[in-house]
Amino acid sequence: MFSVEEGSSGDGGSEMDDEITGDGSTTSLSRWVFDEKNDYDAIDDEDDYDEDDERQHGDVDSDEDEDDNVEQRLIRTSPAVDSFDVDALEIPGAQKNDIEDSSIGRKLILALQTLGVVFGDIGTSPLYTFSVMFNRSPINDKEDIIGALSLVIYTLILLPLVKYVFFVLWANDDGEGGTFALYSLICRHANVSLIPNQLPSDARISGFGLKVPSPELERSLIIKEKLEASMVLKKLLLILVLAGTAMVIADAVVTPAMSVMSAVGGLKVGVGAIEQDQVLVISVSFLVILFSVQKYGASKLGLALGPALLLWFFCLAGIGIYNLAKYDSSVFRAFNPAHIYFFFKRNSVNAWYALGGCVLCATGSEAMFADLSYFSVHSIQLTFTLLVLPCLLLGYLGQAAYLSENFSHAGNAFFSSVPSFIFWPVFLISNIAALIASRAMTTATFTCIKQSIALGCFPRLKIIHTSKKFIGQIYIPVLNWFLLVVCLIVICSISNIFMIGNAYGIAELGIMMTTTILVTLIMLLIWQTNIIVVCLFAIVSLGVELMFFSSVLSSVADGSWIILVFATIMFFIMYVWNYGSKLKYETEVQKKLPMDLLRELGSNLGTIRAPGIGLLYNELAKGVPAIFGHFLTTLPAIHSMVIFVCIKYVPVPSVPQTERFLFRRVCPRSYHLFRCVARYGYKDVRKENHQAFEQILIESLEKFIRKEAQERSLESDGDHNTDSEDDTTLSRVLIAPNGSVYSLGVPLLAEHMESSYKRPSEKRSSMDFGAGPSNETPALDAEQSLEKELSFIHKAKESGVVYLLGHGDIRATKDSWFLKKLIINYMYAFLRKNSRRGITNLSVPHSHLMQVGMTYMV
């Protein structure tokens, strides 16, 4: 292919004290972020054209070297709020989903939906917790029941309440929860992403930085530097995140199996003739129905099923109070944690085995965080603290009171404790609640997968947004049916709920430990929390979770190994996709076209320039992709105007429309080549059709050109006043679809060493960026030049817009290792072939598409 020659554009070295907004006003700056010695956008792209390239080509280090040697300092920028201090939905100027600004009636409806979506999993845990615990550690006397109850009470207090409600929920990323939301927060504050498509200008996006001054700032800087300097730490962090995500997907498989099997198993108490095989058939039919209605969305189903789950919680509390009054109210002694010690002293190894069942009372804790995008922090916190937790505690207390006089009924503790006169209504409600619970981790998985797709860690899938009002509510058809198939395989292979319960515990604890480690890192790096608080959180949380994990692993040979195998497969898929994407991007960066080649070809690019606009889609955020050279050599003509479009996801939940497009001119004006980076957050919805996208793109391009001409005019005035001949314009302008124009804080004049870059004025004039007017050129000529270029754009638009798609594939070289060949040539190729293309969301007609394939050897 083409050789790669590295160049570098000039740097700007001045500091900006104010941020220029679209209306020309300035905004006071009041937050602290990292800055570099050179302004962010002055080192944006070494291959983009400016007039100094001819004078300094080959004399300046590449961007990579420049980035490695920049001097870090703290500067003040626009206001922000730390995510620990307040719910991200309350940040002024942030995009809201109308959750907080609603009436009391709307909040009551929201609380009802919260029950239906978030708390189904943890709400149905009384169906099986005691049954699994006492299967592992049989009851010998009443004190064993008190000890087991005490374990359950303090597990509920430590994990769901203290860890998740008081700490983890505040680690949201602008209202987004889940494993990848935590990873996104870390990536935004430290350059730890393995895919090198970050641009310095990304740090100018609103809400990108959240750092605030604190006494712990120095420690935070040290951690940041170590993370960024160590490739091993970066890979370990990614592996941890991928492992946690694999456990989330595994949890979405085992949750429906456990919840539905436990609820339907109540038939064996109500109807003695029912066999386990019949329970299995009924459970399978319920699961098929459940996954079939998933497409109707969280808000619709949440509102429909919320009242049912509310009734379920009232049933738990009512049955608990009834059993306490009828059997034994002395079980309240379990609130004394000393009974946990006595329980372990009497039962030793059996008590340790019982921990694997005890952790099931906290299942669904991660759903509170992962489903945060559907609702707000406050709604989840209040609903759990004031309704869910009290009802759960009463339910467990009632079961313990019943079992204190009925040791033999421990195998199905919940349904045995239900009074006979309300058994069938409770059985019906419990099955509805189990179906709701089965959705809890499914919706959480959809959210997590969407985040991972945006951050380049999962193959692209079709995502359907089920709510026009709440942008976080999504449905992924392929994943939904895939989870159903795997769930049916698990439920048919492991028909025993005790073994399923062990697999359930493995998946839940894997997610919990991942969350604990990531939140600890966030507390150190971002929140800059006092080290004593950090140590207490990490030691207590990890200590408890590791103790539970050791218990469930001891029984992994019973059949729960299936869930570990499934999680390993999902982890491998994500790692292969990330590895292949990283390798492909790095190869495209290495093979990008050198600017000298384009200059040698001239403004016609060595071919015929046909009227029209070509939008060349590629994944490169910097440089001219090699696939463009393939278009030039393959096609008989190229469009009179070409725009390199890069749709790029940045590690923020949402990018405001006013900051969506970043334009840059490539080569002199006569070439009519531009770059457009369209930036999206992992929460953003891309629903534009191709006509709307084209319209926004062209309007933004026109505004960019006008602003560029305006800045050049100002520069010309400045040159006349200062008699400077060697300063050049570096145009870095952000154009909003609504017409607002934003400066990215780049100085109009770049500073260069005169001794290195002086050239004769005649040559400089001939190579002028965009052939703009010199100091002697009248302003009228500048205006005519501007109108001429805008007219050219209009004519090109009228001639039609064609989407040039370059499908770049990679294959391992012949001398590569066998494992690399296997991963790249077969596994990654298979995933890429069966994933969605990025252009699919625009619904472009085939008549407007032109595709060229290219293979890179890696």
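**View 1. Bridge partners of Leu 804 in strand β13 of the predicted model.** Leu 616 has Leu 804 of β13 as its bridge partner. Leu 804 is in turn bridged to Met 850 in β14.

**View 2. Strand β13 with its pairing strands β7 and β14.** Strand β7, residues 608-617, pairs with β13 in the parallel sense over 5 bridges. Strand β14, residues 849-857, also runs parallel to β13, and 9 bridges join these two. Strand β13 itself spans residues 801-811 and is mostly covered, with 8 of its 11 residues buried.

View 3. Lys 584 counts as buried because its relative accessibility is 2%, and the cut-off for buried is under 20%. Apart from neighbours within four places in sequence, Lys 584 is in contact with Glu 619, Gly 808, Ile 810, Tyr 828 and Arg 832. Two of these contacts, Gly 808 and Ile 810, fall within the residue range of β13, 801-811.

**View 4. Phe 414 in the largest nonpolar core.** This core has 171 residues. Phe 414 is among the residues with the most contacts inside the core, as are Phe 119, Phe 130, Leu 149, Leu 156, Phe 313 and Phe 384. Not counting residues up to four places away in sequence, Phe 414 touches Pro 126, Leu 127, Trp 312, Leu 316, Ile 319, Gln 399 and Val 426.

**View 5. The second, separate core.** This core has 34 residues, including Tyr 671, Val 802, Ala 812 and Ile 824. Val 802 lies within the range of β13, residues 801-811.

Key:
Residues are numbered from 1 along each chain as its sequence is written. This is a predicted model: local features need pLDDT of at least 70, side-chain atom pairs count only at pLDDT 80 or more; totals for chains, interfaces and linings use all residues. Side-chain values use heavy atoms; hydrogens and water are left out. A nonpolar core is a set of buried Ala, Val, Leu, Ile, Met, Phe, Trp, Tyr and Cys residues joined through side-chain atoms within 4.5 Å. Buried means under 20% relative accessible area, exposed over 50%, partly exposed in between (1.4 Å probe, protein chains only). Contact means heavy atoms within 4.5 Å. Helices (H or I, at least four residues) and strands (E, at least two) are DSSP runs, numbered from the N terminus. Two strands pair if DSSP finds at least two bridges between them.
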